[in-house]
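Subject: Handover of a structure and summary of findings

Dear colleague,

Please find the structure below, together with its sequence.

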Amino acid sequence: LSQEPSLYEERHLRYINLLGKGNFGSVELCRYDPLGDNTGELVAVKKLQPNKQSNMAEFQREIHTISSLHCENIVKYLGVCYSMGRLNMSLVMEYLPNGSLVSYLEKNRQNVNSKRLLLFASQICKGMEYLQSMRYVHRDLAARNILVASETLVKIADFGLTKIIPFDKEYYRVTHPGESPIFWYAPESITEFKFSHKSDVWSFGIVLHELFSYCEHKQNPKKVSMIGNDMQSPSIAMHLVNILKENWRLPAPLHCPPRVYAMMLNCWAYNSEDRPSFSSLGEQIKTYIQDDRE
Ligand SMILES: CC(C)(Nc1nc(-c2c[nH]c3ncc(Cl)cc23)ncc1F)C(=O)NCC(F)(F)F
């Protein structure tokens, strides 16, 4: 099997269409076609937004992050492509034609049963356990950032916000409110901008909810708006933290097995140290898959 080239020549990357906009970059579907006969492979190419040099350093960190990850439940890094001399660069990743979990569940809802949802959940857990072993916090774990490789394999993607936890601390503190929807944020991430493996576990609980509601918008309250600089959102963020403090949580999705909802509630423990670890969640889900009583 030929080793993937990690250096892609821009002249052989044929643009096909835009896949979407991620954290500070857009991702395009391209065909890498050095022979020029359309037999080349399809790839997902993440381009840095032009003339945002400040992001260049961040982007290089993202490339370094994803190129160091080797796990079947994490989207594969293929290489980089330099353009404009070495002034600009793009990240080349494997292209998964089934797209994100959100579109997949909306399209295939009728033939995805709870056993398969649990299989997806266990794979996301495995990917997160691997990330944790590398001291990374994802910070943007959501169904929109999970890709479907096949009907029995999903992969975590979009490492634009991923940070390394410093060796002497258990969390990463960002200096400014992120651009992510607070709907997926743990309370301490909203109030103190603190991100840890345990705040990723909170987000995993939200992903479980998305899985078992087949990412239907009606089933969960509107994604509370972005934290950002529009003035009214701090009050929305504080309102959310207050009702969480009073133990309000998302209601169980329709037909969600009670033991799965119990698992979500465990992930949503207000105090981060009361939340389970990804390895214990993975074990629990594995037993649910085995004795699946659906
Ligand atoms: C920002 C971007 C492009 N958005 C989309 N990617 C793909 C999409 C479809 N197939 C893909 N194969 C690889 C990659 Cl990196 C993306 C896609 N499909 C739809 C998107 F909106 C993305 O990265 N989303 C996170 C992901 F879906 F990947 F988890």
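In which strand does K163 lie? K163 belongs to strand β10, which covers residues 163–164. Please note at the outset that the model is predicted.

K163 has a relative accessible area of 15%. Since buried means under 20%, K163 is classed as buried. Leaving aside residues up to four places away in sequence, K163 touches E58, R135, Y136, V137, R139 and Y172.

Overall composition

The chain contains eight helices and twelve strands. Of its 294 residues, 52% count as buried. Among contacts with a separation of 6 or more, 65% are between residues 24 or more positions apart.

Helix α3 and its ends

Helix α3 runs over residues 114–133. Because 14 of the 20 residues of α3 are buried, the helix is largely enclosed by the rest of the structure.

The N-terminal end of α3 is capped by N113, which places a side-chain oxygen 3.2 Å from the backbone nitrogen of K115. After α3 comes R135, in the loop between α3 and β7. What is the phi of R135? The value is near 65 degrees, which is positive although the residue is not glycine. For context, most residues other than glycine have a negative phi. With a relative accessible area of 32%, R135 is partly exposed.

Positive phi is also found at H255, where the value is near 60 degrees, again in a residue other than glycine. H255 sits in the loop between α6 (232–245) and α7. Is H255 buried or exposed? The relative accessibility of H255 is 73%, so this residue counts as exposed.

Helix packing

The axes of α2 (residues 101–108) and α3 come within 13 Å and cross at roughly 175 degrees. The two helices are therefore roughly antiparallel, as the class takes in angles over 145 degrees. On the α2 side the contacts come from L101, Y104 and L105, which meet R116, L117, F120 and I124 in α3.

Which residues of α5 and α7 meet? From α5 they are V201, W202, F204, G205, L208, H209 and F212, and from α7 they are V260, M263, M264 and C267.

The buried residues of α7 are R259, V260, Y261, M263, M264 and C267.

Two buried loop residues

N145 lies in the loop between β7 (136–137) and β8 (146–150). At 8% relative accessibility N145 counts as buried. Apart from residues up to four places away in sequence, N145 touches D140, K155, I156, A157 and D158. N145 and G99 are 46 residues apart in sequence, and their C-alpha atoms are 9.7 Å apart in space.

P181 is located in the loop between β11 (172–173) and α4 (187–192). The relative accessible area of P181 is 12%, and P181 is accordingly buried. P181 and P253 are separated by 72 residues in sequence and by 20 Å in space, C-alpha to C-alpha.

Kind regards

Technical notes. Residues numbered from 1 in each chain as written. Predicted model: local features only at pLDDT ≥ 70, side-chain atom pairs only at ≥ 80, totals over all residues. Heavy atoms only, no water. Helix = DSSP H or I, 4+ residues; strand = E, 2+ residues; numbered from the N terminus. Expected span 1.5 Å × (residues − 1). Buried < 20%, exposed > 50% of the residue type's maximum accessible area, 1.4 Å probe, protein only. Polar contact = N/O pair within 3.5 Å; in protein donor to acceptor, adjacent residues only side chain to side chain. Contact = heavy atoms within 4.5 Å. Axes fitted to C-alpha atoms, helices over the stretch in contact; angles between N-to-C directions. Parallel < 35°, antiparallel > 145°, perpendicular 65-115°, else oblique.
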